Amino acid sequence: MANGQAESTNKIIINNLKKRLEESKGKWPEVLPGVLWAYRMTSKIGTGETLFSLIYGAEALIPVEIGDPSMRFTQVTDESNGEEIRTNLDLLEEKREAALIRMEAQKQIIERYYNRKAHLRYFKIGDFVLKKVFQTTKATSAGKLSSNWEGPYKIQSIAGKGAYELETMEGKEMDQMEGTIKCLRFHISKL
């Protein structure tokens, strides 16, 4: 899971680098720090905050604001800056909690959207099912035209939410299989 998140982040950074280096590809070492800074200073949808503000408790000034002073930069004194930093540090924990709550709410929205389109199936003891064959569990000698399903298996007992203990048609017990790994109901009339 973490690998996928790293790949997603890298994809965003590489796409931003490509946008900045349209003509000359050899300048990427000079452009990379600016692209990384922009990535860290962009507020994320999941938290509503920038990575910098969640870590340090304050919004950073971008280099353009320092070179061409903005109102935020010119109106700050050492005393007001120190007071603002102390206030932000006091509120940092609440800001992180609010970001966590927002992330959980977004996950619930995504889950509801997925479950609206997913047709979840729950099986009973005695039902016959087929088990999906994945690339990692396929026999090495199996070709691309080999079967994608194994079975039929009979559900012996329910091991937990979506987990079932299976047995073969001969009565031999199998390992626990996740029922949500795309088990399809095998249509055999019960005797």
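The legends below accompany an overview and close-up views of a predicted model.

**View 1. Overall make-up of the predicted chain.** The secondary structure of the chain comprises six helices and five strands, and the order of these elements from the N terminus is α-α-α-α-α-α-β-β-β-β-β. Of the 191 residues in the chain, 20% are buried, while the accessible surface amounts to about 14,900 Å², with 57% of that area belonging to carbon and sulfur atoms. Among the contacts between residues at least 6 apart in sequence, 44% join residues that are at least 24 apart.

**View 2. A patch of negative charge on the surface that includes Asp 90.** The residues that gather in this patch are Asp 90, Glu 93, Glu 94 and Glu 97. Asp 90 is placed in helix H6, which covers residues 78-117, and Asp 90 counts as exposed because its relative accessibility is 60%, where the cut-off for an exposed residue is over 50%.

View 3. When residues up to four places away in sequence are left aside, Asn 88 touches Gly 57 and Ala 58.

**View 4. Arg 86 of helix H6 and its separation from Gly 57.** Arg 86 is exposed, with a relative accessible area of 55%. In sequence, Arg 86 and Gly 57 are 29 residues apart, whereas their C-alpha atoms are separated by 9.4 Å in space. Gly 57 is also one of the residues touched by Asn 88.

Note on methods
Residues are numbered from 1 along each chain as its sequence is written. This is a predicted model: local features need pLDDT of at least 70, side-chain atom pairs count only at pLDDT 80 or more; totals for chains, interfaces and linings use all residues. Side-chain values use heavy atoms; hydrogens and water are left out. Patches are made of residues with over 30% relative accessible area and no salt bridge: like charges are joined within 9 Å, nonpolar side chains (Val, Leu, Ile, Met, Phe, Trp, Tyr) within 5 Å. Accessible areas come from the Shrake-Rupley method with a 1.4 Å probe; for residues, only the protein chains shown count as cover. A salt bridge is a side-chain nitrogen of Lys or Arg within 4 Å of a carboxyl oxygen of Asp or Glu. Lys and Arg count as positive and Asp and Glu as negative; His and the chain ends are not counted. The place of a charge is taken as NZ of Lys, CZ of Arg, CG of Asp or CD of Glu. Helices (H or I, at least four residues) and strands (E, at least two) are DSSP runs, numbered from the N terminus. Buried means under 20% relative accessible area, exposed over 50%, partly exposed in between (1.4 Å probe, protein chains only). Contact means heavy atoms within 4.5 Å.
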